[in-house]
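Work through the exercises below with the sequence and the structure at hand. Each task is followed by a solution in steps.

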Amino acid sequence: MAKSKKNHIEEFDKCDFTPIFDYLEREKEKRKAMSKEEKQRLKEEKLQLEEKYGFCYLDGRKQKVGNFRIEPPGLFRGRGKHPKTGSLKLRVQPEQVTINIGKDAKIPEPPAGHSWNKVIHDNTVTWLATWKENVNENIKYVFLAANSTLKGQSDFKKFEKARELKDIVAKIREDYNRDMKSKITAIRQRATAMYFIDRLALRAGNEKKEGEEADTVGCCSLRFEHIKLGPSNVVHFDFLGKDSIRYQNTVTVEVQVYKNLKVFRRHSETEKDQLFDRVNTQELNKHLSSYMEGLTAKVFRTYNASHTFQEQLKNTPVSGTVNEKILAYNRANREVAILCNHQRTISKTFDNQMNRIEDKIRALKYQKMRLKKTILTLDPKLKKKRPELDEPESDLGEDWCEEYEKHLEEKEKEKYRKKFEKDNDKRKEEGKKPLPESELNAQLKEAEEKTKQFAKERKTGKIDVKKSQTVEKVEVQIEKTDERIKAANLTKVEKEENKTTALGTSKINYIDPRISAAWCYKYDVPIDKIFNKSLRDKFKWAMEVDKDWEF
DNA sequence: AGCACCACTTAGGAGGCAAAAT
DNA sequence: ATTTTGCCTCCTAAGTGGTGCT
């Protein structure tokens, strides 16, 4: 890098990272090979470190610190097409770090031979330490953890602010619908931008430094290249948002919005031009603050997320099982995640997982098919009365059935072989003669016969019924199988729907936790089914609400 | 008005670990 | 007993939005 006068790596293909990879693999193996005691000791050391550095006292109360381990040196990656990807991120030295601590508190010792940049006593900010990172020259901080009272208070304030918006949102909508026809372009643009922020939950879209950051946009920084106008008021959005996550959406917009977009386009020169060239986030937020103190674009995301969630929760089945209620909860959560465009990359094993579920469903359907045939064998007269018993199961091809029967056979054979081996080991120990091979062979033959029998039964529809079976008993078995098919299908649907949608971000940042708490009380769902330990901790300020509490 | 700077929230991925499935 | 999965914690980048200076 020094020779080429480049300050960052451009082609990673030309780097050989295998020594680093191998080293890490070896370390992993070492850890794996450790004895229980060693692992325990390591764990305790870690805990000790956390006890020492992981807590602080705020107004006399012990609080957890969020990120007390400073960033180690490495190669900066960044998200998306970041111009600085591959830059060397240097080690942060104590001399760069400013400590913020109470006047009378004991100042933490810097590492031996080093000193802090500064020690200050500013109680108007929440950070405990700060430094500047060398790649983007961003200021970094050590803050308190999410479960601290300080963060809890500001969370509470955030949601209260969003609830305040509820009372004036109708007026704001009325205003921007009116302003949409304003003769003044800036106002017209602002109204159109407001429409996007409110109805599509777009982020504000501050300006970014060209060439120093990834080219991503929000509402105010949208360019014409990011939208396509279709027929009948349809607008296609396609742009990279925060973290270079792609936002793709096709929306039928209000007539006036559509008209405005056309007009703005006509007055522009190229696709690279800003859609709202006379609007920026500061002005837009200033306008919003005239409605209500502290109202900004971001409040709309919080408001719409929480509002949508509460509305969606109305689909909870009152008399359903806890699982069905949780499914409804997750559905509501998912609606919000989709609204906010919270995505995740498809897991490497997704297709695999999907195939397994489908196989499981087919296996259940196969069972059901045999059960139905059993009933008809027991009582052939039912064929006329209940034609559904004679109908084939969906998705169960002839080939699949044959393969599945073969699979069952193999499994059974394997079971026999294992048992045979185990029995003989035992006999050997007891000094007995081993069982003859012929015994095993007879069992294997039996398994083969069973497969033939299954195939025959499947073709003729006549099942070799056990004496104890009755129509009623089989009926119950079918019901149970149906339930299992239903449950497996639900898992499949959820998995499919969660393929690219991340629920966590909206749950942690956008949905007022009091909605969830009230919902739990109202529908009698234990709160730990929807909030894990750390979320319950983070949201402890929200736990004591009435079951009828509303956002 | 335009900016640099600052403080804070929001964001998705990696990896570890425990529970569930096989 | 072993493998798979799914949840959780950690990590730090990338946003939003405020302030104060020129």
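**Exercise 1.** Find which residues of helix 8 meet which residues of helix 13, and sort them by class.

*Solution.* Step 1: on the side of helix 8, the residues in contact (heavy atoms within 4.5 Å) are Glu324, Leu327, Asn330, Arg331 and Arg334. Step 2: their partners in helix 13 are Lys486, Leu490, Val493, Glu494 and Glu497. Step 3: sorted by class, this contact has 3 nonpolar, 1 polar and 6 charged residues. Here Ala, Val, Leu, Ile, Met, Phe, Trp, Tyr, Cys and Pro count as nonpolar, Asp, Glu, Lys and Arg as charged, and the others, Gly among them, as polar.

The model is predicted: local features need pLDDT of at least 70, side-chain atom pairs count only at pLDDT 80 or more, and totals for chains, interfaces and linings use all residues. Residues are numbered from 1 along each chain as its sequence is written, chains are lettered from A and ligands numbered from 1 in the order in which they are written, and side-chain values use heavy atoms, without hydrogens and water.

**Exercise 2.** At what angle do the axes of helix 8 and helix 13 cross?

*Solution.* Step 1: locate helix 8 at residues 322-339 and helix 13 at residues 471-497; helices are DSSP runs (H or I, at least four residues) and strands likewise (E, at least two), numbered from the N terminus. Step 2: the two axes come within 12 Å and cross at roughly 15°. Axes are lines fitted to C-alpha atoms, for helices over the stretch in contact, and angles run from 0 to 180 degrees between N-to-C directions. Step 3: helix 8 is therefore roughly parallel to helix 13, a label for angles under 35 degrees.

**Exercise 3.** Which residues are closest to DNA strand B?

*Solution.* Step 1: 25 residues surround DNA strand B (a heavy atom within 4 Å), and the closest are Lys151, Ser154, Lys158, Lys242 and Tyr510.

**Exercise 4.** Which residues come nearest to DNA strand C?

*Solution.* Step 1: among 27 residues around DNA strand C, the nearest are Arg79, Lys140, Lys208, Thr296 and Lys298. Step 3: a polar side-chain atom of lysine 208 lies 2.5 Å from a phosphate oxygen.

Conventions:
Angles under 35 degrees count as roughly parallel, over 145 as roughly antiparallel, 65 to 115 as roughly perpendicular and the rest as oblique. A polar contact is a pair of N or O atoms within 3.5 Å; within protein, one must be able to donate a hydrogen and the other to accept it, and residues adjacent in sequence count only if both atoms are side-chain atoms.
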